[in-house]
Amino acid sequence: MCSAFLWTGAPETAKDAKVSWASVCTPKKYGGLGLRRVEVWNRILCLRLIWLLFTKGGSLWVAWVKSNLLADKSFWDLKTTSKGSWSWKKLLKLRSEARTFSRCRLGNGSSCNFWLDSWLPQGPLIAELGESGPRQYLLLIIHLLYDSSLLPFSTSRAWDLLHCFSSTDIAPWHKSVWFTGSVPKHAFISWLAVKKRLPTRDRLLSWGLNTPPDCLLCGSEIETTHHIFFGCDFSNEIWTSLLVSCPLSDCLASSLQEVLIWANRCSNDPTIRLMVKLLLQAAIYLIWRERNTRLHDTQSKPADIILKDILTTTRMRLSSFRGSNMDMNAHDSLLTIWFRHFECS
Ligand SMILES: [Zn+2]
């Protein structure tokens with residue numbers, strides 16, 4: 001269903017896709033929706049099996065593999081044509097990737113190869129010193145003195161490494177889109193908006209659809225994501241009123257991305273940040289819903305009514321936390337804080 005929604009109901013074609021499947025399968029903190037590809041997930045679970053091979057001494061499967069498939073040989077040196085099932089040979093083919101995730105602690109040498117295993121941050125010693133390293137440095141014998149145990153396997157770290165993500169790829173707005181307590185449909189629309197993947201009229205026209213280009217909220221400019229949320233007189237009226245009634249006065253953002261980044265830093269108080277983020281997502285969702293209502297039902301609400309809906313929706317969300325852990329962190333209840341800082345007039 002999710003696939004059909006994001007891919008306009010035709011999973012066999014990428015035409016008119018709201019968001020590329022690669023983006024959908026990117027982790028949330030890197031700007032994606034966080035769905036996991038079955039093929040990559042399977043590789044990660046196989047990597048975990050390899051990790052178990054070196055860490056789960058009491059496992060029946062590990063004992064059987066060591067007795068029947070490894071015998072006295074090293075897992076890393078075994079030929080892929082050696083005996084074993086189809087799935088075992090698949091594990092052998094994953095050894096180069098497995099090395100990326102394996103880090104040994106040196107011990108008595110029973111299962112760690114001093115030269116070939118990764119116990120240094122930069123990887124195997126043989127890769128650093130070359131094939132002549134063992135002869136040149138006369139250290140071959142030392143590996144007999146060491147043992148290994150692999151550090152804990154992390155599926156999320158494996159996922160990141162398999163996708164080659166780094167800290168520079170982190171989407172700076174992700175904590176304002178995906179956070180504990182958010183309303184899922186608000187978070188999803190906010191995500192589509194910040195990715196500029198809502199079906200605005202400029203995009204519909206680029207897909208070749210016969211539609212007028214005018215903004216459905218003000219009727220005076222071409223409808224783009226940026227216009228709907230920042231250039232439109234209708235939404236500007238809502239933002240201006242929000243600035244008056246809420247502690248948002250130091251927000252100087254001029255794009256959706258900037259305002260989401262600001263929301264995550266707007267206060268040292270996490271409760272205030274939560275409220276600002278809920279408010280922001282409710283505004284994005286309700287402005288977009290108003291646009292769709294005007295398109296499909298030819299009904300319209302004025303900006304002041306949408307503003308009241310935004311405040312009411314956020315307050316209702318906060319009241320749903322009553323009695324939960326989220327409401328017990330503060331000395332005052334969330335609603336008390338809400339009325340003190342937000343709907344105080
Ligand atoms: Zn407009």
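How many of the 345 residues of the protein chain count as buried? The share is 26%, where a residue is called buried if 20 or more other C-beta atoms lie within 10 Å of its own, exposed if 12 or fewer, and partly exposed in between, with C-beta atoms placed from the backbone. The structure is a predicted model, in which local features need pLDDT of at least 70 and side-chain atom pairs count only at pLDDT 80 or more, while totals for chains, interfaces and linings use all residues. Residues are numbered from 1 along each chain as its sequence is written.

The secondary structure of the protein chain comes to 19 helices and 0 strands. Both kinds of element are DSSP runs numbered from the N terminus, helices being H or I runs of at least four residues and strands being E runs of at least two. Contacts between residues at least 6 apart in sequence were also examined, and 58% of them join residues at least 24 apart. Here two residues are in contact if their C-beta atoms, placed from the backbone, lie within 7 Å.

In soluble globular proteins, nonpolar side chains tend to be buried together. A nonpolar core is defined as a set of buried Ala, Val, Leu, Ile, Met, Phe, Trp, Tyr and Cys residues joined through C-beta atoms within 7 Å. The largest nonpolar core holds 45 residues, and the members that touch the most others are Ala-193, Leu-279, Ala-283, Ile-284 and Ile-287. Two or more residues each come from helices H11 (184-194), H13 (225-231), H14 (233-245), H15 (256-263), H16 (270-296), H17 (303-319) and H19 (334-341). The most is given by H16, with 13 residues. Apart from this core lies another, of 6 residues, which include Ile-50, Leu-53, Leu-91 and Ala-98. Leaving aside residues up to four places away in sequence, Ile-284 touches Ile-189, Ser-190, Ala-193 and Phe-229.

The next topic is how helices pack. Two packed helices are described by the angle between their axes and the distance between the axes. Axes are lines fitted to C-alpha atoms, for helices over the stretch in contact, and angles run from 0 to 180 degrees between N-to-C directions. For H16 and H17, the axes come within 9 Å and cross at roughly 135°. These two helices are therefore oblique to each other, given that angles under 35 degrees count as roughly parallel, over 145 as roughly antiparallel, 65 to 115 as roughly perpendicular and the rest as oblique. The crossing of H16 with H17 is right-handed; a crossing has this name if the near helix is turned clockwise from the far one by less than a right angle, and is left-handed if anticlockwise. On the H16 side, the contact is made by Met-275, Leu-278, Leu-279, Ala-282, Ala-283, Leu-286, Ile-287 and Glu-290, and on the H17 side by Ile-306, Asp-309, Ile-310, Thr-313, Thr-314 and Arg-317. These divide into 9 nonpolar, 2 polar and 3 charged residues, with Ala, Val, Leu, Ile, Met, Phe, Trp, Tyr, Cys and Pro counted as nonpolar, Asp, Glu, Lys and Arg as charged, and the others, Gly among them, as polar.

H17 also packs with H19, at an angle of about 155° and with the axes 9 Å apart. H17 and H19 are therefore roughly antiparallel to each other, and their crossing is right-handed. Arg-315, Leu-318 and Ser-319 of H17 meet Leu-334, Leu-335 and Trp-338 of H19. By class, this contact has 4 nonpolar, 1 polar and 1 charged residue.

Helix H4 (residues 60-70) is hardly covered, with 0 buried residues among its 11. Just after H4, Ala-71 takes a positive phi of about 50°. A positive phi, near 55°, is also found in Lys-196, a residue other than glycine. Lys-196 lies in the loop between H11 and helix H12 (201-206) and is partly exposed, with 14 other C-beta atoms within 10 Å.

Some residues approach others from elsewhere in the sequence. Arg-289, in helix H16, has its C-alpha atom 9.7 Å from that of Ile-189, 100 residues apart along the chain. In the loop between H16 and H17 is Ser-300, whose C-alpha atom is separated by 9.9 Å from that of Leu-216, 84 residues apart along the chain.
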